[in-house]
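Hi,

Here's the structure I promised to pass along.

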Amino acid sequence: MYTAADFQKSLAAVGQGTGQLDVPGAWNLLRKRPVTLDYTATAPVCTVLSDLLATPNRGTGVYNDCAAGKGGQKVGQSRTYPVKVTRLTGASGSVNHKVRIVGNDGTFSAPSSVALRSGRAVDVAVKAKPKTGGLHSAILEIDDPKTPLVDHRLLLTVVVSTDLPKPSYATSTSGTVQRNLFKRVFVTVPEGAKALQVNLSGIATKSQVRWIAFNPYGVPVDNTSTPFCYTNYSDPATCKPSSRAYANPIPGVWELLVESRRTSPFLDNPFKLTAAVQGVTVDPATQTVPGSTGEASPVSWTVKNDFGPVTVTPRGGPLGSAHTERPSIGTGDRLEYTVEVPAGASRLDAVIGNTSDLGADLDLTVLGPDGEQAGQSADGDSEEAVSILDPEPGTYTVQVDGFDVPAGTTTFDYRDVFFSGSLGSLDVPSGAISLKGGQTVSIGGTITPEAAAAEGRELFGQMDVVSSEGAVLGSGAVLLSEPATTR
């Protein structure tokens with residue numbers, strides 16, 4: 001352990017130099033044993049999770065990453081953030097302190113001084129008026145000029161995001177990004193969006209550019225590995241560098257980090273990034289029809305486009321056998337479910353999410369019949385899904401782990417489902433349909449059960465409305481009112 005005595009010896013050693021040693025200014029300052037005082041500061045914080053802070057919506061610096069209309073700021077809008085500063089030590093009387101803003105791009109302003117009395121909190125009014133969109137950040141310094149050091153510093157950060165306006169519900173950003181560097185684009189995803197569609201274009205021949213999406217929780221939803229998903233570099237069969245859709249995006253401010261790889265042949269790499277939200281309402285979301293084995297029953301839906309112009313295709317498929325529940329879990333707990341998957345199943349899905357504790361971090365793991373891991377989804381939130389195509393028949397084990405539950409316990413939605421043609425099918429027309437914003441279309445089909453669901457499970461079909469990029473923009477479920485029976 002490096003003790004105070006060791007520190008004093010180090011100072012003495014520097015002082016006994018031969019004269020050839022050029023003592024750094026920091027050492028000269030430390031040799032004077034400057035007096036330091038203690039301060040605390042609290043300031044407004046606005047994020048989609050800030051109400052979960054120890055003191056809700058308060059932190060050690062100003063931080064606003066909310067959407068406009070949800071507590072965030074717009075370009076040209078002025079807002080004052082009261083920063084509460086308390087001097088804890090030193091003279092009991094009032095001491096005048098200088099107030100400075102360092103690294104300011106013109107967004108922030110504050111009074112030039114503040115008088116602080118020991119133990120008494122005082123508000124410093126920090127005003128933010130961003131002139132452009134994007135990230136604006138600076139450091140606020142509180143400094144007693146009688147001390148040789150800056151006494152307290154705190155961070156000021158305001159993010160101005162771009163709304164996705166009607167009627168297109170889309171926005172495009174063009175520019176250049178230098179090799180091995182990045183640029184940030186912030187977009188606001190509204191409530192009700194079923195997909196965030198991001199397209200990258202305008203790329204120069206052989207230029208290596210990508211984007212990484214961060215959701216409003218600050219969690220990357222793309223692989224951040226160095227060689228992953230660059231244009232003219234990565235395998236498009238693994239990740240499509242020019243177009244990706246993020247299903248069921250968390251409402252709020254998304255950060256799209258555009259960067260150029262260090263091996264790009266150009267210093268300046270042009271790009272155009274387009275972000276759009278998509279989604280449809282399927283009515284009814286769930287319908288129930290009587291079912292007898294081998295008999296086709298008609299079903300129909302009304303589909304309304306809730307956002308901008310989009311081309312969609314209805315998609316049916318084999319029927320599924322599902323188990324759903326809403327259990328509770330705590331930090332360090334593990335829940336296990338077994339699923340008997342028959343031969344010939346086309347897909348096995350396990351999905352968790354919609355936690356009552358928004359700050360919970362749950363992980364999902366699926367073990368195959370051999371006990372080995374067949375799939376896992378474990379990032380910084382609780383919206384996890386594992387899908388296994390053409391699963392081997394046998395008993396699968398689904399594990400849900402409570403990695404971190406700040407509230408102690410949380411409830412969540414759980415579903416496992418396997419799809420198999422042996423259970424029956426839901427058939428719908430497969431032609432593409434172009435929809436304007438707000439346009440409605442009717443879709444019809446038939447459901448034909450061929451077997452009954454096992455005890456504790458439900459037999460159902462699912463009609464998905466799929467975008468041209470493969471994103472599911474809405475779904476309609478069809479339940480059988482009773483176990484399918486032979487005619």
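Asp 464 sits in strand 37, residues 458-467 (helices, H or I of at least four residues, and strands, E of at least two, are DSSP runs numbered from the N terminus). Bear in mind that this is a predicted model: local features need pLDDT of at least 70, side-chain atom pairs count only at pLDDT 80 or more, and totals for chains, interfaces and linings use all residues. Residues are numbered from 1 along each chain as its sequence is written, and side-chain values use heavy atoms, with hydrogens and water left out.

Asp 464 is buried at 10% relative accessible area (buried is under 20%, exposed over 50%, partly exposed in between, with a 1.4 Å probe and protein chains only). Its side chain makes a 2.7 Å polar contact with that of Ser 475 (N or O atoms within 3.5 Å, one able to donate a hydrogen and the other to accept it; residues adjacent in sequence count only if both atoms are side-chain atoms).

Now the disulfides: the whole structure has 2 (cysteine sulfur atoms within 2.5 Å). Cys 46 pairs with Cys 66, S to S 2.0 Å, and the torsion of about -100 degrees makes this disulfide left-handed. Cys 46 is in strand 1 and Cys 66 in the loop between strand 3 and strand 4, so the link ties together parts 20 residues apart in sequence.

Cys 229 and Cys 239 are also joined, sulfurs 2.0 Å apart, and this link is left-handed at -75 degrees. Cys 229 is buried at 2%, and Cys 239 is buried at 8%.

Cheers
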